[in-house]
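Student: I have a model open and want to know what its labels rest on. Can we go through them one by one?
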Amino acid sequence: AIRERNKTIPIAVITGWGDAVGSSTQKEAGVNWVVTKPFTAERITELVESISERQAVTKKRPFLCVVAA
């Protein structure tokens, strides 16, 4: 649903399913990052830094959407 509204917004999914979310599933869903549980605060910091770097290059991305599953 997010991709239908905005094809460029960065999307990170936090999941407890671990590696069950493969790269093909991730690509089909239009997800940029999959963060598996358990995760550390450092991992989220790295993710935010990565998104910030992308936004510095592409100003069209208005915000971040993180979906917990």
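Tutor: Start with exposure. Buried means under 20% relative accessible area, exposed means over 50%, and partly exposed lies in between, with a 1.4 Å probe and protein chains only. This is a predicted model, where local features need pLDDT of at least 70, side-chain atom pairs count only at pLDDT 80 or more, and totals for chains, interfaces and linings use all residues. Residues are numbered from 1 along each chain as its sequence is written, and side-chain values use heavy atoms, with hydrogens and water left out.

Student: Why is glycine 16 called partly exposed?

Tutor: Its relative accessibility is 47%. Glycine 16 is in the loop between E1 and helix H2 (23-29). Its C-alpha is 5.8 Å from that of threonine 36, 20 residues away in sequence.

Student: What makes valine 13 buried?

Tutor: Valine 13 has a relative accessible area of 18%. The limit is under 20%, so valine 13 is buried. Valine 13 lies in strand E1.

Student: How do you know what is a strand and what is a helix?

Tutor: Both are DSSP runs, numbered from the N terminus: helices are H or I, at least four residues, and strands are E, at least two. The chain has three helices and three strands. Their pattern along the sequence is α-β-α-β-α-β.

Student: What makes E1 largely enclosed?

Tutor: Five of its five residues are buried, so the rest of the structure largely encloses E1. Ile11, Val13 and Thr15 point one way, while Ala12 and Ile14 point the other way. In a regular strand the side chains alternate between the two faces of the sheet.

Student: How do you know that E1 and E2 pair?

Tutor: Pairing requires that DSSP finds at least two bridges between the strands. Four bridges join E1 to E2, so the pair qualifies, and the two run parallel. Valine 13 has valine 34 in E2 as its bridge partner.

Student: Which residues does leucine 47 touch?

Tutor: A contact means heavy atoms within 4.5 Å. Leaving out residues up to four places away in sequence, leucine 47 touches Ala12, Trp33 and Val35.

Student: Why is the link between arginine 43 and glutamate 46 called a salt bridge?

Tutor: The definition asks for a side-chain nitrogen of Lys or Arg within 4 Å of a carboxyl oxygen of Asp or Glu. The closest N and O atoms of arginine 43 and glutamate 46 are 3.9 Å apart, so the pair qualifies. Both residues lie in helix H3, three residues apart, about one turn of the helix. The structure holds one salt bridge.
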